[in-house]
Amino acid sequence: MSDYSFNPTATRRVAIIGGNRIPFARSNTVYAHDSNQDLLVAALQGLVDRYNLHGQRLGEFAAGAVIKHSRDFNLARESLLSTTLSPDTPAYDVQQACGTGLEAALLVANKIALGQIDVGIAGGADTTSDAPIGINESLRHTLLAANRAKGMGDKLKALLKVRPSMLFKPLLPRNGEPRTGLSMGEHCEAMAQRWQIKRLAQDELTLTSHQRLDAAYKRGFFDDLISPHRGLARDNNLRADASLEKLAGLAPAYDRQNGTLTAGNSTPLTDGASVVLLASEEWAAANGWPVLAYLRTGETAAVNFVDGSEGLLMAPAYAVPRMLKREGLSFADFDFFEIHEAFAAQVLCTLKAWEDADYCRERLGLEAPLGPIDRAKMNVNGGSLGCGHPFAATGGRQLAALAKIIHENGGGRGLISICAAGGLGITAIVEK
Amino acid sequence: MDYVTQIIDPPPSRTRLLLDGARALRKPKPDGMPALPKERLVRPAVELHAADIAAYGRACGFRPEQGVPLSYPHVLAFALHLMLLTRPSFPYPASGMVHLANRIRQHQRLQAGQVLRLEVYCARWVAHPKGQALSIATRAYGAGALVWESDSLYLRRDVKDPIGEPWDDGLALQEDGLLRTQRWVLPADLGRRFAHVCGDFNPIHTSVIGAKIFGFRRAIAHGMWTLGRALAAQQPPGGLDQAEAHCDFKLPIFLPGQVALWNHPSCGPRREFEVRNFAGDKPHMRGLFIWKESVK
């Protein structure tokens, strides 16, 4: 007989109770002096206030940031200690590039589903205003060598290798894929050329994102999803007066001659944070909170972009059909689609891929194309192009908003899809 | 051609090579038909040191899981190349020789700790439109078997009526559809760093002043660095058994700077590639990298 005793009971449904985020701010604007922790605390405290969680010990808080200082090794735990949640609530950090927020939610959800915890919070924060600047690599190696050296003489000898030039060449965070040296915009530009995505189509998608986000603000959709921060009440990337003419006037940002990606149809560097409250149905009922929707499942995928055989941001194209097959669903079963808009071109490449019979057969192993997505159902309250994209905060933003859309709709099913650096993609299904 | 084998042991020091290089800056014009040197320079037992391979790998961007870089044994033979080029019997001044092209063939997997016998000799004349070219052969034997070989083509410009077989770059590459797949940012001290791992301290690579003396506005990257970087970018993990790399050196890469790798995505174990400036309108290297996929 084996002494293996892990015997999980049937899984439980995971309820999305609500979410909270701070308005997203373009890099080096309103939140220029906020750290990741400041932003995460603001979002988390707003959620605690809204759902009256003061002093409560929750199952866990999972969150992360993509651009992180080494001192933020315990970002989630440190943030939690600055809120009015019970300090007895455990926390841990998650990091999966732009998939961080949604991956954190899946981790918490899976524990709830397995009965290990009853309630938890998932989230993420990112600031590129307060980015880490490292000391020069040569200086760092020299200092480490001095640290290893035994005795004052050897230490001094090691330190003699410090050169003044080392002090003026710090290590800056790079906006590029480590294995290709190309920026994400350059990768996406290549995808746009491969899929022949027109500039106009990108600008139209961008305009829709701004217009729908503006409309959502105007009808009060975000009133119970956002807590103002530093005097900012709505995302400052939002251009209510955006127009196709203005967008058409922008110069290509990554390929000056033949490019179609601009500062308008690409998301800017953004600061912000978001969190989502997840619980079992029992916990929701016991605490008197309605269930907005259920987080049914998730799927991650990765593609080999290093040798150029697939586009950097195409992994969601693979994750979605795998998830649909596993769950026995098709696009016709969905009422809403929340597709993260890193670049308008990346969304359009993915949509085109799902309609392309050859691609679906050869790359995705599907007998028939996945089919088109009704744009009226996609990003109905705007997307990242409108509100901006603080990397780790996007998943939480989408999850809370989609749950609320489904709740307002009186039920339905929605799909979330996020592309991420490193050829990663993460997707999820939300329904009620 | 009958060669006179000369065993080189121990290898020459860096100072010795630089002095020989300086002495070979000028040479009297050969009377009548130039002749290829008859020496075959041999190092009987050169060990592939893991630490040296790692340092070379770091300089070119190889990852440890890629095994011994295909271009690495070239480094071990560099001193022999320079000795041959600076010999009194070599018909032209060493500093005027332009490294035009290189072909590398590996017949067996190389391992750290392995001991190789290296042989370097002038193999043949090549008639190039721009002057007289000649090929220097490098052969590496392990336990008596040829495991790795390289042919380096050097050009002496402006020699009229060159002799030998006509030049054929052999790289009829499909330029259409090449895509920019990588960006390489090259620091100002790249030449100095690579010199320390490859032994080539030619001042055109290691200092601005040195480069200016020889007519370049800035220091230029080693051609063999560019080849190493390109192989590192495309070599699969797990090491190579049989493989080939061909490259033609085009415009020099000035340091500091940035260049890009252009190739055909996902074309399996046969990679046609170019290294160009980032905009893609100036070629620095054109190459072909082929490997035999090992049976798993």
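Predicted model: local features only at pLDDT ≥ 70, side-chain atom pairs only at ≥ 80, totals over all residues.
Where does A:Asn379 lie? I began my notes with this residue, and I found A:Asn379 in the loop between α13 (357–362) and α14 of chain A.

**Positive phi in chain A**

I looked up the backbone of A:Asn379 and noted a positive phi of about 45°, although the residue is not a glycine. For background I wrote down that most residues other than glycine have a negative phi. I then checked the surroundings of A:Asn379, which has 25 C-beta neighbours inside 10 Å and therefore counts as buried, the cut-off being 20 or more.

I located A:Arg230 in the loop between α8 and α9 of chain A. Is A:Arg230 buried or exposed, or something in between? I noted 16 C-beta neighbours inside 10 Å for A:Arg230, so this residue counts as partly exposed.

**Helix α3 of chain A**

I followed helix α3 of chain A over residues 100–113 and asked how its length compares with expectation. The 14 residues should span 20 Å at 1.5 Å a residue, and the end C-alpha atoms are 20 Å apart, which agrees. How many of the residues of α3(A) are buried? I recorded 11 of 14, so that α3(A) is mostly covered; among the buried residues I listed A:Leu102, A:Glu103, A:Leu106, A:Val108 and A:Ile112. Just after α3(A), I came to A:Gly115, which takes a positive phi of about 80°.

**Helix α8 of chain A**

I then took up helix α8 of chain A, which runs over residues 199–218 and has 20 residues. From the first C-alpha of α8(A) to the last I noted 29 Å, close to the 28 Å expected at 1.5 Å a residue. The buried residues of α8(A) include A:Gln202, A:Asp203, A:Leu205, A:His210, A:Leu213 and A:Tyr217. What covers the buried residues of α8(A)? I found that the cover includes α9 (244–248), α12 (344–355) and α14 (384–387) of chain A. Just after α8(A), A:Gly220 takes a positive phi of about 80°.

**A helix pair in chain B**

In chain B I looked at helix α2 (residues 50–60) and helix α4 (residues 190–198), whose axes come within 9 Å and cross at roughly 155°. Angles over 145 degrees count as roughly antiparallel, and α2(B) and α4(B) are therefore roughly antiparallel to each other. I noted, too, that α2(B) passes α4(B) in a left-handed crossing. Which residues meet at this crossing? From α2(B) I wrote down B:Ala55, B:Tyr56 and B:Ala59, and these meet B:Arg193, B:Phe194 and B:Val197 in α4(B). By class, the residues of this contact divide into five nonpolar, no polar and one charged.

**Cis peptide bonds in chain B**

As background to the next entry I noted that most peptide bonds are trans. I found the peptide bond from B:Asp9 to B:Pro10 to be cis, with omega near 5°, and B:Pro10 sits in the loop between β1 (4–7) and α1 (14–23) of chain B. The bond from B:Leu255 to B:Pro256 is cis as well, with omega near -10°, and I placed B:Pro256 in the loop between β9 (243–249) and β10 (257–263) of chain B.

**Where the chains touch**

Last, I looked up the contact of chain A with chain B, which takes seven residues from chain A and eight residues from chain B. The side of chain A that touches chain B has two nonpolar, four polar and one charged residues.

How values were computed. Residues numbered from 1 in each chain as written. Chains lettered and ligands numbered in written order. Axes fitted to C-alpha atoms, helices over the stretch in contact; angles between N-to-C directions. Helix = DSSP H or I, 4+ residues; strand = E, 2+ residues; numbered from the N terminus. Parallel < 35°, antiparallel > 145°, perpendicular 65-115°, else oblique. Left-handed = near helix turned anticlockwise from the far one by under 90°. Contact = placed C-beta atoms within 7 Å. Nonpolar A, V, L, I, M, F, W, Y, C, P; charged D, E, K, R; others polar. Expected span 1.5 Å × (residues − 1). Buried ≥ 20, exposed ≤ 12 C-beta atoms within 10 Å, placed from the backbone.
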